[in-house]
Amino acid sequence: MADMRETVLQEFGKVFGSTEGARVYFAPGRVNMIGEHTDYNGGHVFPCALTIGTYGVARIRKDNRLRFYSMNFEKLGIVESSLEDLKPYPEADWTNYPKGVMWAFGERGMKMTCGMELLLFGTIPNGSGLSSSASVEVLTGAILRDCFGFDVTNQDLALIGQFSENRFNGVNCGIMDQFAIAMGREGNAIFLDTADLSYEYAPIRLEDAKIVIACSNKKRGLGDSKYNERRSECETALAELQKVVDIRSLGELDEEAFERYQSAIQDPVRRKRARHAVYENQRTMKAVQALKENDVEQFGRLMNASHVSLRDDYEVTGIELDTLVEEAWKQPGVIGSRMTGAGFGGCTVSIVKTEHIDAFIRNVGEAYLAKIGYAADFYVVTIGGGPCILQETI
Ligand code: GLA
């Protein structure tokens, strides 16, 4: 992190003339271990923050201008805006994320009193499903809190980030990503009940195994619209169920109750979507219980079952993610493997015995390349903490 701090500061100096008055920040990315597409259904999720994430260097200005620069999108150069023009534009590209957060603070009565310069550098592969956008949102929130003294907690940063993503950037996401990032704790996953935001940290002690992420390198493309489609399928299914049972969300049903009432859902496809939401929520609770009992093998089996349900009932996997997971299941030393995040491309998460990791990466990588025609990338990741300030004014 120290090296990276120097790198981003130096670059800030090059891009914006000097480093005087600049401060350096970091916010993590996240991986979800289990509990997928449950967060907008009042269910549980089990994500953790990573040590890869987004670095930011910020400096306030005397006027109202906003000047953004990303080391990941150098070709775009400095993207300009101003406090009077906090609106999303397609050509504003990635800057719609920090702008959205600035707008969202304003909507809550926290107005920035001046503009700023902001340089970002992300170590999360873009569009990989490890939440590079939520990382930018929480990072921006942490920067605004620090630079303008806004009185907000880390949980508020998560809610503001989600609000900006929903209302400014038009993706109807749940709270999981921003919460996992804002509330991250080293070595722990967060068992979050999205119905009331109650949560509990659970240490991930894998001993002789590690978390391996495989990035499919399939860009999501239509993913965001499909995401909104799944969400509305679940909403319609809930409305149909509410005619026969008194519930506020799909997360309130267990398997048995679902089987009893499911015929109220008219369309068989919608019934499958709801079944995933209900069963996945129950699986997540069981998985956390297994982990508490130190039964990593059972946790892994539930991860595998989660993938099958996302593939067959929720239909958000696709050949790329299925290939990565199905090849992973064939490898020795694999405790569990599943897609993670929204799906439709992005990443898988696997728990792999340390001594088998090299062979795992080689074998899954070769099989993927042979079947899909381009390579996947692999990362052995570490669970990190939440957003932080890396350097005060120099
Ligand atoms: C995306 C969303 C999250 C969550 C996951 C699926 O990452 O941003 O809110 O719905 O998909 O579990």
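Helices (H or I, at least four residues) and strands (E, at least two) are taken here as DSSP runs, numbered from the N terminus. On that basis the protein chain holds eleven helices and 13 strands. The model is a predicted one, in which local features need pLDDT of at least 70, side-chain atom pairs count only at pLDDT 80 or more, and totals for chains, interfaces and linings use all residues. Residues are numbered from 1 along each chain as its sequence is written, and side-chain values use heavy atoms, with hydrogens and water left out.

We can start with the overall fold. The C-alpha trace of the protein chain spans about 65 × 50 × 40 Å along its principal axes. Its radius of gyration, taken over C-alpha atoms, is 21 Å, which agrees with the value near 21 Å for a compact globule of 394 residues; the globule rule is 2.2 Å times the number of residues to the power 0.38. Of these 394 residues, 59% count as buried, where buried means under 20% relative accessible area, exposed over 50%, and partly exposed in between (1.4 Å probe, protein chains only). With contact meaning heavy atoms within 4.5 Å, residues 24 or more positions apart supply 72% of the contacts that have a separation of 6 or more.

Now to the ligand. An N or O atom in the side chain of arginine 30 is 3.1 Å from a ligand oxygen atom, a backbone N or O atom of glycine 174 lies 2.9 Å from an oxygen atom of the ligand, and a polar side-chain atom of tyrosine 227 lies 2.6 Å from a ligand oxygen atom. A polar contact is a pair of N or O atoms within 3.5 Å. Taken alone, the ligand exposes 300 Å², and the protein buries 93% of that; accessible areas come from the Shrake-Rupley method with a 1.4 Å probe.

Arginine 283 lies in helix α8 (residues 268-292) and counts as buried because its relative accessibility is 10%. Beyond its neighbours within four places in sequence, arginine 283 is in contact with Ile34, His276, Leu302, Ala305, Ser306 and Ser309. Serine 225, in helix α6 (residues 223-241), counts as partly exposed at 44% relative accessibility.

Technical notes. Polar contact = N/O pair within 3.5 Å; in protein donor to acceptor, adjacent residues only side chain to side chain.
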